[in-house]
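Have a look at the picture first.

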Amino acid sequence: MAILTEATLFALLLFSYFYLWSQSAQWPQGGVESPALLGVSLRTVLLLASSIPAQLAERSLKRGDRRSFVRYLSMALVMAGIFLIGHIQDNVRDWHRFRPSTNAYGSLFYTITNLHALHLVVGMTFLGFVLVRGLRGTVDSRHHRAVEVAVLYWHFVDVVWIAVFSSLYLSVRFA
Amino acid sequence: MTALEPRLHGAETAELERVWRDRPGIAGWLTTVDHKRIGKRYFVTAFTFLLIGGLEAMLLRAQLASPENDLLGPDRYNQLMTMHGTTMILLFNTPMFAAFGNYLVPLQIGARDMAFPRLNALSYWIFLFSGLFMYASFLTGAVPNGGWFSYAPLTASEFSQGHGLDFWAIGVTFLGISTTVGGVNFIVTILRMRTPGMSFNRMPLFVWSILTMAMMILFALPSVTLAGVLLELDRSFGMHFFDPGGGGDPLLYQHLFWIWGHPEVYIVFIPATGIISMVIAAMVRRPIVGYSLVVAALVATGFISFGLWLHHMFATGLPFLVASFFSAASLLVAIPSGMQIFAWLATMNEARPRFDTPMLFAIGFIVTFVIGGITGVMVAVVPWDQAITDSYFVVAHFHYVLIGGSVMPILAGVYFWYPKVTGRMMTRHLGKVAFWLIFVGMQVTFFPQHILGIVGMPRRIYTYHRGLGWDLMNRISSIGAGVLALGFLTVTADLVVSWRRAQPAPNDPWGAETLEWSISSPPPDYNFAGYPLVGSRQPMWDLEPGETLATETEVGGESLVHDQGGHHHAWVTSVLDAEAVEIVTMPTPAYWPLFLAFGLLMLSVATLSQNVVVALLGGLLTAYSFYRWHGGAS
Amino acid sequence: MRLRLARSRTTLVRAGLTIALASVLAGCDEAHSVFHPRTTEARRVAFLGWLMIGIATAVFLLVLALLVRSFFGPPLRRRSAGGTSWIASGGIALPTTVVILLSGLTVWAMNDTRTGGGIEISAIGHQYWWEIRYPGTAAVTGNEFHIPVGRSVHLSITSTDVIHSLWVPELGPKRDMIPGHTTELTWHADEPGTFRGQCAEFCGLQHAEMALIVVADPPEVFDRWLATQAADASAPSTAVAQRGEQVFTTEPCAACHTVRGSVATGTVGPDLTHFGSRATLGAGVLSNNAEHVASWIANAQSFKPGSLMPPIDLSADEVRDLTAYLEGLR
């Protein structure tokens, strides 16, 4: 349920992005260069791929294989961590080119990507909690609701990123 | 004041009572997660905001009673006008249905509580704190004054200095969390916690209406939350979403606001129709005609309402195709509403209704809402709307649909369920007096406003010149407002007097059809000792005279009544047909919802005052409460 | 008891309806009403309005009749006339018919009425006054302007600060004035007259005091008016007025106001080149006469607190001279 609400929030932000684009003579506004694609594309692949170990972790736990569960989950967390570090680096690098206060494009770009990053951090925290529980033994092959929810949320974070990546990074190049 | 003792059903329920009872005193008050206590709290708080909003309205009408009046200056008027709208929609009308829903839904579906009792408590505390937050603005002198929609760029920091609009934007965002969480809670409760046998097509119409409302909340609330957040980012963090000078667009604000705003008015209308269905069925002693059609109408209204928002923007220069589409959709939504009206009329024509107070308000609803719906159809027609939008014509329209379509049903519901909630009967006469004052007062206040709009009076003006032909209608409208106020004061008096009289109410004073009437008035803390067995839409009417409702107190060998560990047990069923029962353990009372809400309040204050220390403390409290949420025994 | 209550309710409702209808009819003869149309566009709106009120009354009476029937009439058995057939006919068929009819009328009424050979006007909203320009001429005025009868008048509308809305009920539907956007409005006035409008989008403290006057002239009269407006201000003819001009250009006036033909070129407030020819000042706050002008200049905030005009500290003589100068700007 909560995922539906959050998904709507991102949908509306992307609506706002495309709406302002349609109202602007130039996009990105103010002569800001479109974001570089290479780094973020690599990060994207990494993030989307992290769904695989997350799902495998859930499956392992249900089978009772605690070791694999911990291994896969840690893998997913590491991949997510790399994405996050890359995102922060991008923000820092972009800061001197344009900021949220530069123009509406800047406001939208930073708000959307950082809102996603926030969800990413929340998702990582969930996965982290669940990992700890796995280590402690409070989740196992019978009690795994928390794991299912955390992994589902993780997939949601990935799906949102697909939408954000296509809208903010790809469409400016191909429009 | 002592509560009347619920009737006991034997010694076996003594243990249930002990387990489900809240802690005594203040601790119990602060930690309760009981949907009935939370529902009552929502009611009292929302009703208080109704009276405050009404006071604000009285001041506005007093100022407008005469041309060139100087009772209120422009600044004070604009503040009161803004707070009146904000209070009525956000702090009274929407939470009031949380009150009704919270109290009644578990009872009507035969459950022991909502699906997430602690989340329920959280919703209430956030509501209370966000209301207090917004009203704290009066203490600082920086009261929101941009109108209840707070359009940019008027509400940008350039044109609205000071913190007034920050109180609004942050307050609305904060409150939105409460509403959204409540929506999730209702959906899961209705999907999973219905008593066995209560398949979807046996659910009471009120429960259907709450389900529809909750689904709408899920999709609509993010939009106003975003509008508020982006506005605040523009105001306090230098961004440019709505600033044309910085590449933004004021119309984007309007889109985000109305994508929520239009469904919102149906969020407060649909559950009202649910109440009316319950009241009319009981007063006529017939099931509502065309149950499936009525359900279809509820759901259709919910869906269609998301495709109407641009009709609030017809004067902004929309392209022809876009405007015609939204006009057609706005006309279309009249059809499901019409279906419900005729379903009620058909039901009422099957047997003479009893004219008890709930029925009077239901009739008042039909008359008033139909007028409002008719002017709604008129304003759906683009050129007419472009002529009279932002004038008193549209003010008249929305007060007709809101007071007629939402407030009168609320009052009908108050009079209908008061005996169940309090265990006391209401007075016989005050309710009728209140009804007539409100009905007549409402017409006298708002009908002349249609005319004022037609003769050119714009809305949101603190005064007007003599000699424009507006004087008489304004005077009449203000007199009507006085009568309306008297009506609401009478209702308030009735609530208090009835409580004081303490005339005991039986389980089922109206002879109504649904499950809440099978248990004592007021219900025991645990609602139902065992799960009720339901075989039709009108479980109470299936009983022979003198027969009591059958319940089942065991699931798969486990008792629902005895438990050594003092756990709160509830039953959960499958989504579609409510079969396959399992027992679940419900969370017990706790402080964490209160603390989490308080942490969020601190974060709101920190954003307002740009204070990092408070932000950190608030964040810590919030995170800690989150972390400890699931722990703690009673 | 129940019947009497129900009967008195019916009487009350009927009485209410009569009062309502009477007041509606009374309202339509007032000036500045949507039901007092003076352009092609406004006539469409008025026609639609009356038609819809007619349909509305009929539907309302039907619902009322069914309601009253439930109080007194014999109970309907579900299988026969009652039941879902009511929902189907009253709840589906009836609204659908009305909806289709109104959709068609909407599309018809939304047809663009703009025709060639008309004049262009630019209307720009400010807190709390109207800037009116006639592109292709030098004419600029504020808060009051003229249009020709019988020709297409096309307005291009925007705002420099917050959202306002241009609404003159007798001339047609309103259009919002949105910063960053240009919206459009067309009028075909069919008879001369003076019409009042008011800002119709909440724009801040003095939203209530932002009135607009539009005068529709026969074409020759309009052409003369426009030519006068386009011309620079005539030089002040009396000594008093000449001293007034001195005051105007040396005191803060020139910083905010323009008088074409003088050194005053401020653009914060309205263009005052032909101020003397206007009926009101302060966007309708006061009528335009010497006493009001003097009071306004001394302390505009006392009439319109929150407007951008500050109190101006001048001696009584200076005020007298200034007033004479301004009233002479015809």
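How many bridges join strand β2 of chain C to β3(C), and do the two run parallel or antiparallel? Three bridges join them, and they run antiparallel. Keep in mind that this is a predicted model, where local features need pLDDT of at least 70 and side-chain atom pairs count only at 80 or more, while totals for chains, interfaces and linings use all residues. Residues are numbered from 1 along each chain as its sequence is written, chains are lettered from A in the order written, and side-chain values use heavy atoms, without hydrogens or water.

**The sheet in chain C**
- In β3(C), C:Val140 is the bridge partner of C:Arg133.

**Where chains B and A meet**
- Chain B brings 25 residues to the contact and chain A brings 24, with contact meaning heavy atoms within 4.5 Å.
- About 2,000 Å² is buried between them, 77% of it on carbon and sulfur atoms; buried area is the accessible area (1.4 Å probe) lost on being put together, summed over both parts.
- B:Leu226, B:Phe241 and B:Leu252 supply 21% of the area that chain B buries against chain A, more than any other three residues.

Methods: Two strands pair if DSSP finds at least two bridges between them. Helices (H or I, at least four residues) and strands (E, at least two) are DSSP runs, numbered from the N terminus. Buried area is the accessible area (1.4 Å probe) that two parts lose on being put together, summed over both.
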